[in-house]
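Trainee: Could you show me how to read charged pairs and nonpolar cores in a model like this one?

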Amino acid sequence: MLWYSQSVPATDTVPVGYDWTTEPEFDNNYLTIDRDQFAALYETDNIFPERRVGRATYGWTAESIAATKAIRARAAELAPPTLLFQAGLDGVVVNQAQTEFCAQAPRCELTKFTVAKHELLFAQAPVRQALLQQLQAFLDDPSTSTQR
């Protein structure tokens, strides 16, 4: 994908993703298994259109892949504590790559939500609640704070 992304015009868009200007179909979406949260995503983007990110460009894709490769190559050097949430049903990112990264990073804690898709903050209520509780505990823990 990196080679292809670098060989086409950087401003061309990748032909996947949602056009949030029209209401997308819930069935077979890659963002959430919660129908109400999927509707909330759409509604939020219509209330705040400036938060829409749109489809990825090939330029963004190439930069993202290159940056990810560089970060993964140096995972063992990552000093700050890292909390990584993983959606078990994610069809956007490569979970195995996240798992390998976290295994190599010395202070990485991986939490898997096996019944969630990509948008964890728009997952079912139990997933959101567990994620937010763990995030709050991580942020409150003095051992995970770093000097700013």
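Mentor: Side chains of opposite charge can pair when their charged atoms come close. Here R72 and E100 form a salt bridge at 3.5 Å, N to O (a side-chain nitrogen of Lys or Arg within 4 Å of a carboxyl oxygen of Asp or Glu). Mind that this is a predicted model, where local features need pLDDT of at least 70, side-chain atom pairs count only at pLDDT 80 or more, and totals for chains, interfaces and linings use all residues. Residues are numbered from 1 along each chain as its sequence is written, and side-chain values use heavy atoms, with hydrogens and water left out.

Trainee: Which parts does the pair R72 and E100 tie together?

Mentor: R72 sits in helix α3 (residues 58-73) and E100 in helix α4 (residues 95-104), so the bridge links parts 28 residues apart in sequence. Helices here are DSSP runs of H or I, at least four residues, and strands are E runs of at least two, numbered from the N terminus.

Trainee: How many salt bridges are there by this rule?

Mentor: The count is 3. R35 pairs with D27 at 3.7 Å, and E77 with R74 at 2.7 Å.

Trainee: Are E77 and R74 buried or exposed?

Mentor: Both E77 and R74 are exposed (over 50% relative accessible area; buried is under 20%, partly exposed in between, with a 1.4 Å probe and protein chains only).

Trainee: And what is in the largest nonpolar core?

Mentor: A nonpolar core joins buried Ala, Val, Leu, Ile, Met, Phe, Trp, Tyr and Cys residues through side-chain atoms within 4.5 Å. The largest has 10 residues, including L83, F85 and F138.
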